[in-house]
There are 4 protein chains.
Amino acid sequence: MQRIDRNTRGVYSIAPTPFHKDGGLDVAGIDRLADFYDAAGVDGLTVLGQMGEAPKLSSAESLLVARRFVERAGRPVVVGVTAPGFETMRELAHEVMDHGAAGVMVAPPTSLRTDDQIVGYYTQVAERLGPDVPLVVQDYPLTFSVVMSVPVLVRIASTIDSVVMLKHEDWPGLEKITTLREAEAAGRAPRLSILCGNGGLFLDFEVERGADGAMTGYCFPELLVDVVASVAAGRRDEAHDRFDAHLPLIRYEQQPGVGLAVRKHVMVRRGILASATMRQPGRALSAAERAEVDYLLERLREREPAADLVA
Amino acid sequence: MQRIDRNTRGVYSIAPTPFHKDGGLDVAGIDRLADFYDAAGVDGLTVLGQMGEAPKLSSAESLLVARRFVERAGRPVVVGVTAPGFETMRELAHEVMDHGAAGVMVAPPTSLRTDDQIVGYYTQVAERLGPDVPLVVQDYPLTFSVVMSVPVLVRIASTIDSVVMLKHEDWPGLEKITTLREAEAAGRAPRLSILCGNGGLFLDFEVERGADGAMTGYCFPELLVDVVASVAAGRRDEAHDRFDAHLPLIRYEQQPGVGLAVRKHVMVRRGILASATMRQPGRALSAAERAEVDYLLERLREREPAADLVA
Amino acid sequence: MQRIDRNTRGVYSIAPTPFHKDGGLDVAGIDRLADFYDAAGVDGLTVLGQMGEAPKLSSAESLLVARRFVERAGRPVVVGVTAPGFETMRELAHEVMDHGAAGVMVAPPTSLRTDDQIVGYYTQVAERLGPDVPLVVQDYPLTFSVVMSVPVLVRIASTIDSVVMLKHEDWPGLEKITTLREAEAAGRAPRLSILCGNGGLFLDFEVERGADGAMTGYCFPELLVDVVASVAAGRRDEAHDRFDAHLPLIRYEQQPGVGLAVRKHVMVRRGILASATMRQPGRALSAAERAEVDYLLERLREREPAADLVA
Amino acid sequence: MQRIDRNTRGVYSIAPTPFHKDGGLDVAGIDRLADFYDAAGVDGLTVLGQMGEAPKLSSAESLLVARRFVERAGRPVVVGVTAPGFETMRELAHEVMDHGAAGVMVAPPTSLRTDDQIVGYYTQVAERLGPDVPLVVQDYPLTFSVVMSVPVLVRIASTIDSVVMLKHEDWPGLEKITTLREAEAAGRAPRLSILCGNGGLFLDFEVERGADGAMTGYCFPELLVDVVASVAAGRRDEAHDRFDAHLPLIRYEQQPGVGLAVRKHVMVRRGILASATMRQPGRALSAAERAEVDYLLERLREREPAADLVA
């Protein structure tokens with residue numbers, strides 16, 4: 001099975017975990033999701049992240065979800081294995097790698113503060129997982145309260161061979177991409193793959209700054225694919241035109257705490273999910289929010305007739 | 001002089017403080033700024049907020065800036081008077097009210113956590129300032145780490161007569177507006193004026209939800225005026241069309257830590273400020289950031305030919 | 001099996017989880033621990049808390065640890081069941097209750113801020129667990145960043161029947177105890193059992209203020225038993241004399257991040273644990289720290305000849 | 001006037017600011033305070049810190065307080081000059097240095113996170129203040145949320161000549177002292193003076209670890225002087241005996257949010273302050289708290305007959 005490495009490029013969609021209305025795992029729904037992402041042309045998937053409601057799954061369910069995605073997707077699958085203890089993390093990581101995952105993603109504990117604490121943490125993680133598990137570092141200060149400076153990322157890239165990718169969702173974050181790429185160009189740092197999150201809110205400029213693509217869960221992954229491809233092909237205005245058409249919805253989906261409900265609602269509207277159910281605790285959209293999202297979808301369809309919407 | 005009250009509506013622009021290149025206060029620049037806002041058709045101004053770099057001014061400068069804006073603006077001016085001690089706050093508040101301010105705005109200390117602490121704090125503030133100083137409560141969790149629930153705001157509105165306005169920049173915040181307005185409609189709460197911040201990022205829906213307008217510093221205040229007016233007139237699609245044309249720039253300006261530099265850069269481009277200088281500590285835009293903002297301005301001008309840009 | 005209720009009093013020791021040097025669970029060590037606590041005269045145990053390294057155990061291990069403690073201890077055992085998802089929480093809670101636990105303890109998610117969020121969370125938890133699972137609310141702002149005001153606790157006590165106990169470790173927290181007890185005395189709140197944490201650092205006054213005892217893991221639980229009994233018997237000076245002799249060590253053990261290592265080191269010195277091993281990530285004591293703890297033990301033995309120390 | 005430098009040793013008492021009952025500055029009270037500290041044998045004073053309620057003073061009052069302390073104290077006075085803007089900070093710093101201050105102390109803005117941000121901030125501060133202003137770095141994560149690692153402190157000590165002292169109140173913090181001193185001994189870092197805060201809660205071991213003394217405001221500064229002197233003279237047991245007698249009160253005074261009220265209450269009891277008044281916002285002791293402190297004073301007098309108490 002193909003593994004991610006430091007040259008991985010493209011769009012990795014953060015996949016939600018599908019649930020039945022009663023909160024039970026919708027295992028068949030995983031296949032439908034995987035097929036949708038396949039049709040959307042994404043380069044890979046990321047499962048069991050925060051937006052995959054991973055912390056609300058039992059360990060048996062986590063393994064089941066990861067395996068099912070790996071088996072169905074014709075593409076590399078990165079699996080979130082964040083856990084408070086290294087033993088639990090190692091077990092899940094080895095199990096999913098044995099079943100064909102392309103790599104694993106680890107978010108930092110919220111208690112980390114200093115440069116040394118962050119580098120030390122990922123050093124320990126990499127030692128526990130072993131050299132054969134490609135590792136994605138999740139740089140998401142808004143959620144994890146851990147701020148990773150460029151020197152920290154350079155130290156990680158230079159000293160931990162198995163870290164191959166940065167999931168970049170610092171905010172603001174454009175200068176960080178440029179500074180990392182300049183360090184690489186100047187020979188002060190080895191290359192890392194950089195895929196960007198933040199719901200795609202800055203993807204138009206992130207790729208121009210040197211990011212390799214996106215790793216995020218926006219409900220129209222085909223737009224992410226388009227933008228990355230257009231920028232890569234030098235069609236700047238076209239990339240921005242496509243992006244701007246989606247920006248009102250991207251912005252709406254990027255709201256903390258409610259974004260996943262928006263995403264699942266749209267995916268139900270698009271026929272990709274059977275139910276927008278989230279596991280508890282978690283909140284559903286209000287009628288007003290649903291109406292706003294539907295209005296944004298309507299406007300999007302006017303601008304983007306190709307947008308594949310149900311109803 | 002006109003004071004804000006619980007029925008105040010419209011757009012109050014958060015004005016930056018203009019500095020010379022050496023960091024000195026550009027007093028004449030205040031007049032130019034005030035005239036620009038006048039021409040843009042805003043309903044009022046807010047000065048000495050976070051985006052006015054108020055914490056970096058001496059107390060003498062603060063008073064000078066507030067007075068100059070009040071004297072020049074033909075509109076109500078709200079003045080930020082946040083301070084760690086009540087004495088300092090009271091002094092500045094009374095001085096600016098004596099010089100014609102329309103009201104004052106107070107942000108919560110970052111140490112407040114519980115409902116009672118928040119209500120208690122604003123109760124004490126109102127007692128210190130006295131019944132004749134209209135008070136704006138700043139609800140901005142991302143910056144101040146203080147989360148004000150709807151019950152807290154209802155208690156404040158019900159028990160503190162001099163609190164007349166909520167500067168709303170919770171995120172996500174649309175449901176909060178609806179819930180507050182429902183409480184008012186059901187007679188469970190007296191009316192508050194609600195003006196929205198967050199750089200205008202959700203203004204299209206905020207006004208639909210019942211907000212009275214905007215209090216934010218987006219570098220094209222005329223757009224904020226347009227959107228509020230269009231929604232009020234029931235021209236929903238038009239409001240969104242105008243809004244969406246600006247959204248790429250609004251989104252860029254709304255980045256924490258760098259937003260004010262973006263704002264000042266555009267205001268220099270528009271001929272409104274003589275210099276984009278910020279007081280230290282604070283960071284300037286990189287060349288790449290300036291180029292990105294300029295590109296967004298160029299694209300904006302294509303969509304909005306009326307946009308008044310220099311060069 | 002006896003369950004905790006709103007009149008539970010005494011000392012509930014927070015038990016560490018014993019590990020072998022290789023990080024494996026020391027199951028037999030659980031029996032030795034349980035016997036030690038029995039001999040120390042504690043009224044109950046609390047297992048699988050933060051200080052029990054619960055987040056680093058697999059779900060199978062968690063159940064095993066809880067069952068073993070319940071089977072061996074001749075006393076009520078409260079089990080920590082904190083989990084990000086309600087399903088996982090419910091499963092573990094029901095399993096341990098089926099095996100004889102006396103109740104369960106739930107810490108709040110760190111994202112909770114407003115009064116309504118906190119009350120809402122525990123309301124949902126209690127609904128999920130059902131009316132037959134006695135519930136302990138963990139009020140520990142320093143670790144969880146959630147501040148529970150007295151009105152919040154009164155609402156919880158008044159509206160959620162199955163919440164029977166407050167694990168109180170707010171800091172400062174003495175006034176909170178008094179205010180809660182006054183509310184009860186005035187008929188504004190039903191009684192809650194209050195057991196105090198914070199390593200016992202304020203136990204001398206907490207019991208005087210109306211707390212029912214301690215729920216903490218200080219390495220000399222017999223001291224906690226003594227203090228609670230002395231205060232209850234009206235022997236104030238004696239309670240303080242005993243307490244003050246231990247305070248230098250209590251203070252040392254109460255340091256965040258290193259406290260558990262201190263506790264396990266002393267328990268090895270006392271012959272209660274075979275190894276001071278903690279699961280990774282976690283740090284061991286330095287040579288200097290061990291020497292300091294040993295010096296404090298030496299001084300303690302001079303003041304308290306009865307203190308049962310090895311070597 | 002004598003200035004602090006990298007070899008400064010001893011006890012610098014954090015002085016409270018005395019207020020009249022109506023909240024007005026008690027200027028004559030400053031003289032009485034200064035005389036008390038002189039009699040207590042401290043080596044210096046620190047004024048206008050957090051515990052001096054500096055944020056609640058106007059800039060004119062700040063200067064007045066600093067000058068009065070400097071004029072009266074026969075010892076070096078360090079002045080807190082923390083401010084959001086560099087201009088305000090520079091002005092106050094130069095004014096107090098012109099009036100004979102021994103150095104200035106600057107706390108970090110709470111927004112700093114990465115190593116580079118912290119080093120960069122103090123580099124900028126030092127540049128603004130100029131090479132002739134001895135600078136104290138305040139390392140107090142519990143209050144400022146900024147964590148300074150040993151490598152950060154070594155970088156600061158190595159690259160910023162005017163930083164001469166670390167006010168150390170990390171918690172836990174003993175290992176940090178040892179690690180810094182080891183770096184100095186190994187030639188990897190130049191010497192810094194290290195004075196410890198945290199209310200003195202770990203002073204018994206801090207000096208043994210290599211700290212040069214204390215900079216804190218415990219209400220019996222003569223105890224701090226004793227402990228530092230005893231450790232320096234190699235009388236370990238005696239140092240701990242004296243320290244342990246005060247520990248119950250030190251622990252009580254070290255409670256966040258209420259500590260200053262405890263301190264001022266004791267200073268009134270001792271005849272050092274005329275009033276325990278704090279400026280608003282701030283809370284007074286409850287009757288129960290006053291009684292507890294008085295009980296601790298009574299017990300202290302039994303153990304330490306020399307303790308100079310009023311009433």
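**Interface between chain B and chain A**

About 3,100 Å² is buried between chain B and chain A, with carbon and sulfur atoms giving 59% of this area (buried area is the accessible area, with a 1.4 Å probe, that two parts lose on being put together, summed over both). Of the area that chain B buries against chain A, 21% is supplied by B:W171, B:R251 and B:Y295, more than by any other three residues. The contact (heavy atoms within 4.5 Å) takes 34 residues from chain A and 34 residues from chain B.

The model is predicted, with local features requiring pLDDT of at least 70 and side-chain atom pairs pLDDT 80 or more, while totals for chains, interfaces and linings use all residues. Residues are numbered from 1 along each chain as its sequence is written, chains are lettered from A in the order in which they are written, and side-chain values use heavy atoms, without hydrogens and water. The predictor assigns the complex an ipTM of 0.97 and a pTM of 0.96. For chain A, the mean pLDDT is 96, and 98% of residues reach 70 or more (pLDDT is the predictor's confidence in each residue, from 0 to 100).

Ten salt bridges were found across the interface (a side-chain nitrogen of Lys or Arg within 4 Å of a carboxyl oxygen of Asp or Glu). B:R251 forms a salt bridge with A:D204, in which the closest N and O atoms are 3.0 Å apart. On the side of chain B that touches chain A, α7 (174-185), α8 (203-209), α10 (236-253) and α12 (287-303) each supply at least two residues (helices being DSSP runs of H or I, at least four residues, numbered from the N terminus). The most is given by α10(B), with ten residues.
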